Amino acid sequence: MGRKRCVGADCSKMAAGCCGVKKQKLSGSPGSGGPGGVGAGSGVTGTGHCGTDLGIGSSTAATTTVAVGTVGRVNGLGGPGGNVNNCSSGSGGGGGGSSSSTAVLSPTPAGYNSSGLSPNLSPGSGSGSGVRKMVVSAEMCCFCFDVLYCHLYGYQPPRTPRFTNEPYPLFVTWKIGRDKRLRGCIGTFSAMNLHSGLREYTLTSALKDSRFPPMTRDELARLFCSVSLLTNFEDVGDYLDWEVGVHGIRIEFFNEKGSKRTATYLPEVAKEQGWDHIQTIDSLLRKGGYKAPITNDFRKTIKLTRYRSEKMTMAYAEYIAHRQHHHYQNGVGHPLPPYNHYS
């Protein structure tokens with residue numbers, strides 16, 4: 001931890017800013033850096049909570065298929081190196097766009113719908129041609145809450161989760177309160193194994209986003225956690241060749257001093273802010289530190305990469321309900337841990 005945000009030069013490590021324009025601190029140097037639901041994705045059950053001996057149980061496995069876009073690179077993953085802070089203030093990081101989803105499920109616990117998620121949970125959407133299994137899962141959000149809770153209360157880190165450990169570029173976004181104000185959003189464009197990547201960026205986004213003070217225990221009950229896995233990276237020749245609400249974009253450009261800078265917004269940001277293509281590009285240029293007048297000729301010099309994401313969002317209350325449910329469903333013999341969030 002303790003690593004700086006990287007929005008500027010070529011970065012192979014974490015950067016913050018995917019969601020935000022508040023208190024921008026732009027740097028060209030490389031940087032380093034418990035809500036409910038049922039584990040969906042990869043067809044594997046999920047576990048988790050603090051420590052190694054709590055035995056709170058695992059979630060019901062679910063397999064969800066979702067329409068996604070054509071992969072522009074060999075594996076559709078591992079976009080441009082660099083980690084980014086990717087959310088506009090007041091909006092979170094994660095996937096956007098329209099989707100069609102079907103689910104093939106094992107029996108789900110009472111209170112959960114046919115997609116294996118509680119009524120307030122839904123996977124982030126994608127659109128396009130082709131069908132593949134969705135990887136992001138509610139259990140990933142549960143794991144992020146586990147990691148944050150254990151850190152804030154000084155407990156052992158949570159056990160290794162059972163969801164897939166495949167490598168993906170990823171972002172963890174925190175929002176707070178009924179109006180879901182942005183509270184932290186940091187991720188990486190370098191593909192990371194999900195177990196270690198989510199563990200790292202859970203704490204980095206909660207504690208190291210320079211736009212906000214470190215998160216505290218008192219905020220836990222009002223938090224929402226989103227996990228975004230980035231896919232389908234495509235370099236495009238036209239800076240307008242992307243769809244609002246479907247694609248995230250990452251731009252590279254040279255500032256007034258000739259230094260290369262980068263900036264990104266996750267797929268839902270432009271739509272949530274009500275921006276069109278030009279407004280989004282110009283906002284990203286300002287976020288990346290470009291201070292000169294923005295002309296159409298300059299926009300044409302931008303190198304743009306578009307991508308999609310799979311996103312899952314979960315509220316703290318759902319996380320607690322999920323953990324309690326599986327504690328009792330799995331016949332755990334000992335009482336729930338005497339943590340404040342179970343009282």
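Predicted model: local features only at pLDDT ≥ 70, side-chain atom pairs only at ≥ 80, totals over all residues.
Is arginine 250 buried or exposed? Arginine 250 counts as buried, because its relative accessibility is 3% and the cut-off for burial is under 20%.

Arginine 250 has two partners to look at. One is glutamate 252, with which arginine 250 forms a salt bridge; the closest N and O atoms are 2.9 Å apart. Glutamate 252 is buried too, with a relative accessible area of 15%. The other is phenylalanine 189: arginine 250 lies over the face of its ring, at 5.4 Å from the ring centre. The charged end of arginine 217 is placed over tyrosine 153, 4.4 Å from the centre of the ring.

Now the salt bridges. The whole structure holds 11 of them. Take glutamate 139 and arginine 323, whose closest N and O atoms are 3.1 Å apart. This pair links distant parts of the chain: glutamate 139 belongs to helix α1, arginine 323 to helix α6 (residues 316-329), and 184 residues separate them. Both ends are buried: glutamate 139 at 1% relative accessibility, arginine 323 at 2%. Shared partners join Glu139, Asp146 and Arg323 into one network of salt bridges. Arginine 181 bridges to aspartate 179, with 2.8 Å between the closest N and O atoms. Arginine 181 is partly exposed, at 40% relative accessible area.

Next, the aromatic rings. There are 16 aromatic pairs in the structure. Phenylalanine 145 and tryptophan 174 form an edge-to-face pair, because their planes stand at 80° and the cut-off is over 60 degrees. Their ring centres are 5.2 Å apart. Phenylalanine 145 lies in helix α1 (residues 138-153) and tryptophan 174 in strand β6 (residues 167-176), 29 residues apart. Both residues are buried. Together with Tyr316 and Tyr319, Phe145 and Trp174 make up one aromatic cluster.

Tyrosine 149 and tyrosine 155 pair in another way. Their rings are stacked, with 10° between the planes and 6.4 Å from centre to centre. Tyrosine 149 is buried, with a relative accessible area of 0%. Tyrosine 155 is partly exposed, at 34%.

Finally, turn to a loop. Asparagine 255 is found between β9 (248-254) and β10 (260-265). Asparagine 255 counts as buried, at 12% relative accessibility. Its side chain reaches the backbone nitrogen of lysine 257 at 3.0 Å. Beyond its neighbours within four places in sequence, asparagine 255 is in contact with Arg261 and Tyr290.

Conventions. Residues numbered from 1 in each chain as written. Heavy atoms only, no water. Phe/Tyr/Trp six-rings, centres within 6.5 Å; stacked < 30°, edge-to-face > 60°. Helix = DSSP H or I, 4+ residues; strand = E, 2+ residues; numbered from the N terminus. Buried < 20%, exposed > 50% of the residue type's maximum accessible area, 1.4 Å probe, protein only. Lys NZ or Arg CZ within 6 Å of the ring centre and 35° of its normal. Polar contact = N/O pair within 3.5 Å; in protein donor to acceptor, adjacent residues only side chain to side chain. Contact = heavy atoms within 4.5 Å. Salt bridge = Lys/Arg side-chain N within 4 Å of Asp/Glu carboxyl O.
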